[in-house]
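Dear colleague,

Please find below the structure that I am handing over to you. My notes on it follow directly after.

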Amino acid sequence: MPDEILVTRGLTKVFHLGLRRRRVVAVQGLDLSVERGEIYGFLGPNGAGKSTTIKMLMGLITPTSGEASIFGQPIGATRARAHLGFLPENPYFHDFLTPEQLLAFAGRLGGLSSSTLAERIPRLLDLVGLGKARKMPLRRFSKGMVQRAGIAQALVGDPALVVLDEPMSGLDPIGRKDVREVIFRLKEEGKTVFFSSHILPDVEAICDRVGLMLHGRLREQGRLDELLTARARAVDVIAEAIPASLAASFRERAMRSLPKGNGWALTFSEEAEADEAVRALVLGGARIVSVARHRETLEDLFMRKADEAGAAHARGEESASA
Ligand SMILES: Nc1ncnc2c1ncn2[C@@H]1O[C@H](COP(=O)(O)OP(=O)(O)OP(=O)(O)O)[C@@H](O)[C@H]1O
């Protein structure tokens, strides 16, 4: 099988709304690539075009233009779907079913034999942490447990690629952590996971690579460690016993200065400035309590790209609805 297992080229979806058939460009010229064995986070705010993209990949809606392939097969082809597991956004399951019954139902629809299901269902329910709840009806489940049952159901056909649309949305912190752990376990099992989310810390915690969608376009795609600049965006120096002769000058040179304990917390925007300050403070007889370098987070990157995209949007260089 190829190493890029999901590829799109110029994928575009235009909707026409109302009697006047107003054009809404939900996804424009999308070039994605998802590599074998990675966890890929498909990021973007509400309305960015994530669900529309996923629906096209699943063959649920037809692209207006462009192309996409999964395992080298055009999307929608039976051979592409054979290795694909999918959990839609806000899935609905009959709440009288137990997770065991839910998986058995999905497996039989997929043509799996009773012996395969008898071996696979307990293993999958253990994988998502629902082994002990396997005979409990879904109506007694928390939202996080239902979501994990949904992931198990997406895995019943033993897919190589698992696509999850907003799997952490609406979950409390514990539910989100459980889903993150399940996604990690899927990677350990050798699966490739493509999931959409607008919850940046979740994506930052588990993804190998991310794609950032804004206004229907992919603004950024790459490895997280490459996208987030290694340079510190601010450095906090906390120092005590600063001689009076130095205190005033440092409080002026720092981007921000706040009294802290018996000393000051000084924030510098440049690492070199902070290093220089630490040297001078030590030579001047001050005591350095701590130096903290703040690296760029995914949230910083997201806000930076959103500002750039918002500015381009406002200048009319592009439009999501035209
Ligand atoms: N069936 C449709 N008809 C018309 N417009 C649509 C349709 N589906 C989506 N859109 C529009 O396309 C754009 C992208 O929507 P999409 O649901 O793909 O975004 P999203 O990133 O998944 O956001 P969310 O997280 O809110 O689901 C939005 O402007 C939306 O209103």
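The domain assignment, which is automatic or taken from a database, divides the protein into domain 1 (4–227) and domain 2 (232–295). The centres of domain 1 and domain 2, taken over C-alpha atoms, are 47 Å apart. Please note that this is a predicted model, in which local features need pLDDT of at least 70 and side-chain atom pairs count only at pLDDT 80 or more, while totals for chains, interfaces and linings use all residues. Residues are numbered from 1 along each chain as its sequence is written.

The shell comprises Phe15, Leu17, Val24, Ala26, Gly44, Asn46, Gly47, Ala48, Gly49, Lys50, Ser51 and Thr52. Two or more of these residues come from each of β1 (4–17), β2 (22–30) and α1 (50–57); helices (H or I, at least four residues) and strands (E, at least two) are DSSP runs, numbered from the N terminus. The most is given by α1, with three residues.

The cores. A nonpolar core is a set of buried Ala, Val, Leu, Ile, Met, Phe, Trp, Tyr and Cys residues joined through C-beta atoms within 7 Å. Buried means that 20 or more other C-beta atoms lie within 10 Å of the residue's own, exposed that 12 or fewer do, and partly exposed lies in between, with C-beta atoms placed from the backbone. The largest nonpolar core has 65 residues, and Ala152, Val163, Val193 and Phe194 have the most contacts inside it. Helix α5 (residues 143–154) supplies the largest share of this core, five residues. A second, separate core of 13 residues includes Val235, Ile242, Trp264 and Phe268.

Helix α3. In α3 (residues 99–109), the buried residues are Pro99, Glu100, Leu102, Leu103, Ala106 and Gly107. They lie on the same side of α3, because they cover an arc of only 160° around the axis, the arc being that of the directions from the helix axis to the C-beta atoms. Their cover includes α4 (114–127) and α5, where contact requires C-beta atoms, placed from the backbone, within 7 Å. Just after α3, Gly111 has a positive phi of about 85°.

Backbone angles. Arg21, in the loop between β1 and β2, has a positive phi of about 50° although it is not a glycine. Arg21 is exposed, with 8 other C-beta atoms within 10 Å. Glu166, also not a glycine, has a positive phi of about 50°, but Glu166 is buried, with 22 C-beta neighbours inside 10 Å.

Yours sincerely

Notes: A residue is near a molecule or strand if its C-beta atom, placed from the backbone, lies within 6 Å of it. Two residues are in contact if their C-beta atoms, placed from the backbone, lie within 7 Å.
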